[in-house]
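Let's take a walk through this protein, one piece at a time. Have the picture open and follow along.

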Amino acid sequence: MEKEKRVWIAQALCPARHVIVAGAYEADAEDRTDPAHSIAFEEIDRELDKLRSMIPSKVMTIGCPVCEAPIDSWGIEAQRTKFKTIEEATPELDRETEKIKACLFAHRMLRSMKGKPPQNPASN
Ligand SMILES: [Zn+2]
């Protein structure tokens, strides 16, 4: 019997749940041991490693672009969507990406206007 698939989103989140890196993939609808999950998590990890490798020394730290939580406090988690294929999920994923970009832009504006980092916004 063919197992039902769903689109999942693996995301690296800071403790305030700002999305830093995310990727979508198809995996079993129920089975969290589906190898597709570990492949996606490894991919996210590689992206985080790229960020870490940009730190030349202890002089610079990399933090969440919104709240500056340090990279070591970030976690990776997988969320299931209602979509069955990446093609079906693409319009929704594009909208989410635009929302994240708009949010980051707003925070950068605030920060530069006030000359200091914004307070943790309420996560929603
Ligand atoms: Zn954050």
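## Two strands side by side

Start with strand β1 (residues 5-13), which pairs with β3 in the antiparallel sense over six bridges. Strands pair through backbone hydrogen bonds, and the pairing can be parallel or antiparallel. Here, two strands count as paired if DSSP finds at least two bridges between them. The helices (H or I, at least four residues) and strands (E, at least two) are themselves DSSP runs, numbered from the N terminus.

Before going on, a word about what you're looking at. This is a predicted model, where local features need pLDDT of at least 70 and side-chain atom pairs count only at pLDDT 80 or more, while totals for chains, interfaces and linings use all residues. Residues are numbered from 1 along each chain as its sequence is written.

## The sheet as a whole

Strand β1 also pairs with strand β2 (residues 19-28): the two run antiparallel and are joined by nine bridges. Ile9, for instance, has Ala24 of β2 as its bridge partner, and Leu13 stands opposite Val19 in β2.

So which order do the strands take in the sheet? The order is β2-β1-β3, in an open sheet of three strands with antiparallel pairing. β2 and β3 are the edge strands, each pairing on one side only. On average, neighbouring strands are turned by 25 degrees against each other, direction ignored. For such angles, axes are lines fitted to C-alpha atoms (for helices over the stretch in contact), and angles run from 0 to 180 degrees between N-to-C directions.

## The bigger picture

Zoom out, and you'll find two helices and three strands in the protein. Read from the N terminus, the elements go β-β-α-β-α. Helix α1 (residues 35-53) lies across β1, β2 and β3, and runs at about 160 degrees to β2.

How much of the protein is buried? Of the 124 residues, 13% count as buried. A residue is buried if 20 or more other C-beta atoms lie within 10 Å of its own, exposed if 12 or fewer, and partly exposed in between, with C-beta atoms placed from the backbone. Strand β3 (residues 75-80) is hardly covered, as the count of buried residues among its six residues is zero.

Now for contacts, which are pairs of residues whose C-beta atoms, placed from the backbone, lie within 7 Å. Among contacts between residues at least 6 apart in sequence, 57% join residues at least 24 apart.

## A buried cysteine in a loop

Next, find Cys14 in the loop between β1 and β2. Is Cys14 buried or exposed? Cys14 counts as buried because it has 22 C-beta neighbours inside 10 Å.

Leaving out residues up to four places away in sequence, Cys14 touches Ile20, Cys64, Cys67, Ala69, Ser73 and Trp74. The C-alpha atoms of Cys14 and Asp72 are separated by 9.0 Å, and these two residues are 58 residues apart along the chain.

## Two residues with a positive phi

Most residues other than glycine have a negative phi. Arg17, though not a glycine, has a positive phi of about 70 degrees. You'll find Arg17 in the hairpin of β1 and β2, which has five residues between the strands. Arg17 counts as partly exposed because 14 other C-beta atoms lie within 10 Å.

Glu68 is another to look up: not a glycine, yet its phi is positive, at about 65 degrees. Glu68 sits in the loop between α1 and β3. With 15 other C-beta atoms within 10 Å, Glu68 is partly exposed.

Conventions:
Contact = placed C-beta atoms within 7 Å.
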